[in-house]
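I opened my notebook to record what I looked up in this structure. My entries follow, one topic at a time.

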Amino acid sequence: MKKYFQQDIETMPVEKIKEMQEEKLVKQVKYVYENNAYYRKLMDEKGLTPDDVKSLDDLAKLPFLTKNDLREAYPYGLLSRPLKDCVRIQSTSGTTGRRVVAFYTQHDIDIWEECCARAIVAAGGSKDDVVQVCYGYGLFTGGPGLHGGSHKLGSLTLPMSSGNTERQIQFMRDLNTTILCCTPSYAAYIGEKLKSMGLTTDDIHLKAGIFGAEPWTEEMRKNIQQSLGIKAYDIYGLTEISGPGVSFECEEQTGMHINEDHFLAEIIDPDTGEVLPEGTEGELVFTSLDKEAFPLLRYRTRDLCVLTRKQCSCGRTHIKMCKPKGRSDDMKVIRGVNVFPSQIETVLLKEGYTPNYQILLDRINNEDTFDINVELSEEQFKKIHAKGGDDSEEKKSLTAAMVAMLGIRPKLHLLAPNSIVRSEGKAVRMIDKRKLHD
């Protein structure tokens with residue numbers, strides 16, 4: 001069985017990896033400076049030119065990029081190639097309706113798909129496998145990323161997207177699917193559905209699953225592995241850098257190998273920005289080493305984790321990152337979708353509601369629950385009270401607005417004025433009861 005997709009790169013000696021990264025970094029800084037006015041301005045403000053970056057040690061001199069920069073530069077401010085050279089746009093949600101848009105040249109797509117192909121091979125995949133992709137398609141990077149990786153590997157690819165679980169299982173059985181790609185919560189649901197249909201793992205042919213886009217625990221991994229009869233692998237990525245495949249888990253399942261020939265990782269103190277030594281927990285920062293259309297230098301992910309170069313039994317030499325242990329901002333991943341409290345506040349104000357709300361998150365039967373308590377104004381409360389307490393019309397309209405902004409459906413509860421407990425004059429915006437980290 002093939003163990004690597006690109007063995008010479010994936011098992012390259014660490015010294016050679018660093019030499020490659022250094023050469024690419026010097027070229028990339030020059031490329032970005034010459035082709036990206038937004039980042040050139042940031043460098044100019046620090047008194048930097050490309051000549052100041054001669055080695056990996058000089059990386060820390062460069063300014064950071066944040067999601068706020070991406071929103072400020074929307075849509076074309078961070079584009080480094082003419083639009084005629086771009087072949088794809090992917091997007092992640094924004095906090096005020098202004099979304100983060102990432103551009104790709106064909107070269108960028110090829111790199112992304114190679115990274116995803118490496119992940120599939122690390123999970124035991126080959127061209128003889130049938131890969132069922134149940135991540136969402138469209139602007140979301142999950143579906144297109146693993147779909148492209150499966151094609152690059154030469155596997156038979158089922159572009160199922162999510163939903164219609166009985167049909168998913170039917171195709172899984174009829175077409176002998178061997179590798180499943182989706183969010184871990186959806187994988188858990190497929191396992192439950194399989195059981196409710198009176199089927200067992202003997203009725204399917206799955207051997208592995210590649211799950212990402214949301215946090216999941218080791219306990220959940222064990223449950224999925226048992227319910228589907230597979231080995232469950234983690235995968236990490238973010239739209240701003242490319243999508244899934246920035247890093248992936250191998251057979252050892254003790255962290256995700258970062259594709260260091262394309263992505264240079266740092267760990268920083270989230271408060272001071274100081275670069276921290278290997279093995280220290282901090283905020284993960286990525287630099288794209290060879291992207292053309294949307295190359296980000298020192299992008300702050302807000303994910304908190306640890307990097308390690310401890311030798312791995314799989315033979316891969318690329319540095320590992322642990323599962324992200326949380327975020328240094330207030331963004332939450334709900335059912336694989338990034339949700340910010342400020343998005344909810346934007347919708348409430350636009351729809352004429354008070355900005356007093358509370359987000360309640362929990363995980364029941366391996367699936368996220370997403371409730372929002374919304375305080376009504378006196379006028380709104382009286383209007384609903386006059387209808388005998390029937391708030392169905394208001395809920396329907398507000399829910400539609402929330403779905404349009406967030407991309408997922410919350411359960412709304414319209415409350416009487418002053419129902420939400422204040423703390424020092426402010427409502428507690430988020431109560432997350434999910435146990436996402438062991």
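**Entry 1: helix contacts.** Before I list who meets whom, I need one term: contact means heavy atoms within 4.5 Å. I also note that this is a predicted model.

I started with α7 and α8. Helix α7 covers residues 165-174, and helix α8 covers residues 184-196. Their axes lie 10 Å apart, at an angle of about 80 degrees. That makes α7 roughly perpendicular to α8. I then looked up the residues that touch. From α7 I wrote down T165, E166, Q168, I169 and M172. They meet Y186, Y189, I190, K193 and L194 of α8. Sorted by class, this contact has six nonpolar, two polar and two charged residues.

Next I took α5 and α6. Helix α5 spans residues 106-122, and helix α6 spans residues 142-153. The angle here is about 75 degrees, and the axes are 7 Å apart. So α5 is roughly perpendicular to α6. On the α5 side, the contact includes D110, W112 and E113. On the α6 side, it includes P144, G145 and L146. I sorted the contact residues too: eight are nonpolar, four polar and four charged.

**Entry 2: the nine-stranded sheet.** I traced the strand order next. It reads β4-β3-β5-β6-β7-β8-β9-β14-β13, in an open sheet of nine strands. The pairing is mixed. Which strands stand at the edges? They are β4 (156-159) and β13 (307-308). Each has a single partner strand, so one side of each has no neighbour in the sheet.

I checked the pair β3 and β4 in detail. Strand β3 runs over residues 130-133 and pairs with β4 in the parallel sense, over four bridges. V133 has P159 of β4 as its bridge partner.

Helix α9 (residues 218-228) lies across β5, β6, β7 and β8. It runs at about 130 degrees to β7.

**Entry 3: the three-stranded sheet.** I found an open sheet of three strands, in the order β10-β11-β12. Its pairing is antiparallel. β10 and β12 (299-305) are the edge strands, each with a single partner, so one side of each is left without a neighbour in the sheet. From one strand to the next, the twist averages 30 degrees. Strand β11 (residues 282-288) pairs with β12 over four bridges.

**Entry 4: a cavity.** How many cavities of 30 Å³ or more does a search of the whole structure find? I noted one. The largest cavity has a volume of about 40 Å³. Its lining is L70, A73, Y74, P75, G77, L78, V100, V101 and F294. By class, I counted eight nonpolar, one polar and no charged residues there.

Two of these names came up again. Y74 and P75 are joined by a cis peptide bond, with omega at about -5 degrees. I placed P75 in the loop between α4 (67-72) and β1 (88-92).

**Entry 5: a pocket.** I turned to the second largest pocket, which holds about 480 Å³ of space. Its lining takes 20 residues. K18, L264, A265, E266 and V275 lie nearest the centre. Two elements give two or more residues to this lining: α2 (14-35) and β10 (263-268). The largest share, four residues, comes from β10. I sorted this lining as eleven nonpolar, three polar and six charged residues.

**Entry 6: two single residues.** N164 has a positive phi of about 50 degrees, although it is not a glycine. I found N164 in the loop between β4 and α7.

Y31 sits in helix α2. I left aside its neighbours within four places in sequence. What does Y31 then contact? My list is S80, R81, K291, E292 and P295. I also looked up its separation from E218, which is 187 residues away along the chain. Their C-alpha atoms are 41 Å apart.

Methods
Residues numbered from 1 in each chain as written. Predicted model: local features only at pLDDT ≥ 70, side-chain atom pairs only at ≥ 80, totals over all residues. Heavy atoms only, no water. 1 Å grid on protein atoms, 1.4 Å probe; cavity = no way out; pocket = protein on both sides within 12 Å on 5 of 7 lines; lining within 4 Å. Points joined across faces, edges and corners; volume = space filled by probe spheres on them. Nonpolar A, V, L, I, M, F, W, Y, C, P; charged D, E, K, R; others polar. Pairing = 2+ DSSP bridges. Axes fitted to C-alpha atoms, helices over the stretch in contact; angles between N-to-C directions. Parallel < 35°, antiparallel > 145°, perpendicular 65-115°, else oblique.
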